[in-house]
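User: Can you walk me through this one? I'd like to start with the ligand, then look at the fold.
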Amino acid sequence: MTPHPLRLLAADLIQVELPLVTPFRTSFGTQTVRRALLVHLYTDGPDGWGECVAMEEPLYSSEYVAGAEAVIAGHLLPRLAGRKTDAAGLALLLGAVRGHRMAKAAIEMAVLDAELRAQERSLASHLGAVRDLVDCGVSVGIMDSIPELVDAVRGYVDAGYRRIKLKIEPGWDVEPVRAVRAAIGPSTPLQVDANAAYTLADAGHLARLDEFDLLLIEQPLSEEQIAAHAALARQLITPVCLDESIVSLEVCAEALDLGACAVVNIKPGRVGGYLEAVRIHDLCRERGIPVWCGGMLETGIGRAANVALAALPGFTLPGDTSASDRYYRLDLTPPFVLEDGRLRVPAGHGLGVEVLREVVDELTVSRRTCRLAPLPS
Ligand code: OSB
Ligand code: MG
């Protein structure tokens, strides 16, 4: 046990590039590689790993890899220089910096990993996990044709995924959903994600999805449109779920007060970290709102932490926590593998996964070291 906070000494900011096994197309663009930013934190105790969920381009959200790296190096790490802190203490130290939640979350993940390794505890137990396996869904991108989509979905159902999510956009919505529902039958849970591609004027069109008994429609309108989501929700039978809009506990509370959503996708990176994610989980649980753990094409590092979070009691819907092989042929950790449509929650200390340094090195495209405190002589 190391009850006292760790002293933060230095951090390596590492950009890696992982080819995706198949291109991933959403309403905001097509990804063929995942450029990810890793934080490798050195302390006076164990070291820690964090993964920033920002994407290479600011298309899903305003944060992006190079921007996150600049904020971490230029504004966040300098505020931690010479400090002893635990993850819970970061909010006070970094709170003056507005926004940049994905950048803050990456640091938090690294501090959590280090501090929980020091305490010989798992992230899952620290966050309040109640399960050691979590139900998994899969997010299926927009494709060139409906037969190609139906084939891909069949493959995922055969692999055991417990819920299918289809990416939609204007021109790729009612007919693909109809075809997939017909192919998988009425009992396989199905939902859609628009990534903010519609406007309130599309309400009548989106109501055509009501006949397919979807679990939910995720983020139909733009990030800032909380009230418009409430208006849309009143016109749909399909429950509205928010992703991009939910950037904090405060926004979540307002969205629920307004009736903007009946389900919440919790992405720790989007809300500034795992501790804020737990607070959102707690609020939703109090209000009887089901939550599920979203994904951002994480490597095994971020996936480990997401799977731990998804083991909390309020995560009653399958998450976008898919197996490693849905994304990458070669992951930065030993792969997460489906067991009857579920992933096992890491039980080891900290994030509970071993980072494969030789794979990280092989996939590294840039690396810089930030010194936080003079190393002990
Ligand atoms: O909107 O949930 C989203 C991936 C990248 C950015 C945003 C989203 C997604 C996904 C895939 O839907 C989630 C995953 O499998 O990691
Ligand atoms: Mg989404």
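This is a predicted model: local features need pLDDT of at least 70, side-chain atom pairs count only at pLDDT 80 or more; totals for chains, interfaces and linings use all residues.

User: How much of ligand 1 does the protein bury?
Analyst: Taken alone, ligand 1 exposes 390 Å², and the protein buries 100% of that. The space ligand 1 takes up is the largest cavity.

User: How far is the polar side-chain atom of K165 from an oxygen atom of ligand 1?
Analyst: The distance is 3.0 Å. The backbone takes part as well: a polar backbone atom of M296 is 3.2 Å from a ligand 1 oxygen.

User: Which residues come nearest to ligand 1?
Analyst: There are 17 residues around it, and S139, K167, N195, L297 and Y327 come nearest.

User: How does that shell divide into nonpolar, polar and charged?
Analyst: Seven are nonpolar, three polar and seven charged.

User: OK, the fold. What is the strand order in the open sheet?
Analyst: β6-β7-β8-β9-β10-β11-β12, seven strands with parallel pairing.

User: Which strands stand at the edges?
Analyst: β6 (137-140) and β12 (291-293). Each has a single partner strand, so one side of each is left without a neighbour in the sheet.

User: Back to D193. What is its bridge partner in β9?
Analyst: E218. Strands β8 (residues 190-193) and β9 (residues 217-218) pair in the parallel sense, over two bridges.

Definitions and conventions
Residues are numbered from 1 along each chain as its sequence is written. Chains are lettered from A and ligands numbered from 1 in the order in which they are written. Side-chain values use heavy atoms; hydrogens and water are left out. A residue is near a molecule or strand if one of its heavy atoms lies within 4 Å of it. A polar contact is a pair of N or O atoms within 3.5 Å; within protein, one must be able to donate a hydrogen and the other to accept it, and residues adjacent in sequence count only if both atoms are side-chain atoms. Accessible areas come from the Shrake-Rupley method with a 1.4 Å probe; for residues, only the protein chains shown count as cover. On a 1 Å grid over the protein atoms alone, a cavity is a set of points where a 1.4 Å probe fits but cannot get out, and a pocket is an open set with protein on both sides within 12 Å along at least five of seven lines; lining residues have an atom within 4 Å of a point. A molecule sits in a cavity or pocket if more than half of its atoms lie within 2 Å of its grid points. Ala, Val, Leu, Ile, Met, Phe, Trp, Tyr, Cys and Pro count as nonpolar, Asp, Glu, Lys and Arg as charged, and the others, Gly among them, as polar. Two strands pair if DSSP finds at least two bridges between them. Helices (H or I, at least four residues) and strands (E, at least two) are DSSP runs, numbered from the N terminus.
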